[in-house]
Amino acid sequence: MFGLFSGSITQADLIQFLVRLLIIFLILPLHEYAHAWTAYKLGDDTANYQGRMTLNPIAHLDLAGAVCLMLFGFGWAKPVPIDPSRFSRKHSIRFGVAITALAGPVSNLIAALVGMNLMQIYQLTDVYQQANTGEMTPAYVVWLMLDYFIDINIGLAVFNLIPIPPLDGSKVLGYFTSAKVDEWFRRNYQVVRIVFLVILITGVLSIPLGFLSNLIYMLFSLITSWIPLIFG
């Protein structure tokens, strides 16, 4: 990936770059659509009215978040607008906000698990067995797409569950905390955001987030290990 910026671009670098770009454009809309759809089901049509309840990647693209996702495996999309006051009164507003926020990461984890099932099946095929050389053959690129699809979905889910505004995790945490905590974050939002961006840029978060992402990857691999055992 970094070969693209060092001037020593190989065919493998270019293919990996294009594959990651394609996967990101598939994943970001899924995450934001899940937010919009959940809010809609709870009675808030704000996102739908503003054209955000769509799988069109352009509607959800945040350039900085996409670049971070491309380079570091962790990033974000343009937040979906919601109006909690429009939620139905079957549940509390805090519950509605938390569930809407949680929908994005959950959609990514479900997609990653589906991708892991597809990878397990694909690795049993003769096409993959003949192409399992690491060279950029079409058959290997298919495997690479599945691997990136799983990796980036997990990375997006894990990153967005960090309980710091404006990430989804802060809204999920808000269901369990008090209004005083909400007020503190509102008053100190800019400071918290700057500190968080500094931490993100320095790469301090890469180790714990990478560890957790790898743990989930291995868990999904274990969950789907029955596929090669039965059909292998």
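**View 1. Leu102 on helix α6.** At 31% relative accessibility, Leu102 counts as partly exposed (buried means under 20% relative accessible area, exposed over 50%, partly exposed in between, with a 1.4 Å probe and protein chains only). Leu102 sits in helix α6, residues 93–122 (helices are DSSP runs of H or I with at least four residues, strands are E runs of at least two, and both are numbered from the N terminus). Setting aside residues up to four places away in sequence, Leu102 touches Leu161 and Val172, where contact means heavy atoms within 4.5 Å. Ile9 is another story: Leu102 and Ile9 are 93 residues apart in sequence and 39 Å apart in space, C-alpha to C-alpha.

A quick note on what you're looking at: this is a predicted model, in which local features need pLDDT of at least 70 and side-chain atom pairs count only at pLDDT 80 or more, while totals for chains, interfaces and linings use all residues. Residues are numbered from 1 along each chain as its sequence is written, and side-chain values use heavy atoms, with hydrogens and water left out.

**View 2. The whole protein, for orientation.** Count up the elements and you get 13 helices and zero strands. The radius of gyration is 19 Å, close to the 17 Å that the globule rule gives for 232 residues, so the protein is as compact as a globular protein of that length (the radius is taken over C-alpha atoms, and the rule is 2.2 Å times the number of residues to the power 0.38). Along the principal axes, the C-alpha atoms fill a box of roughly 60 × 45 × 30 Å. Of the 232 residues, 41% count as buried. Among contacts with a separation of 6 or more, 73% come from residues 24 or more positions apart.

**View 3. Helix α2 from end to end, with Ile23 along the way.** Helix α2 covers residues 11–41, and at 1.5 Å a residue its 31 residues should span 45 Å; the end C-alpha atoms are 45 Å apart, which agrees (the expected span is 1.5 Å times one less than the number of residues). Ile23 lies in this helix and, at 2% relative accessibility, counts as buried. Not counting residues up to four places away in sequence, Ile23 touches Met145, Tyr148, Phe149 and Ile152. Asn214 is 191 residues from Ile23 in sequence and 18 Å from it in space, C-alpha to C-alpha. After α2 comes Gly43, with a positive phi near 110°.

**View 4. Val127 on helix α7.** Val127 has its place in helix α7, residues 126–131, and counts as partly exposed at 48% relative accessibility. Leaving out neighbours within four places in sequence, Val127 is in contact with Tyr122 and Ala139. Pro138 is eleven residues from Val127 along the chain, and their C-alpha atoms are separated by 9.7 Å.

View 5. Pro165 and Pro166 are joined by a cis peptide bond, with omega at about 5°. Most peptide bonds are trans. Pro166 is in the loop between α8 (138–160) and α9. Helix α9 itself (residues 168–174) holds Ser170, which is buried, with a relative accessible area of 14%. Apart from neighbours within four places in sequence, Ser170 is in contact with Ile162, Pro163, Ile164 and Pro165.
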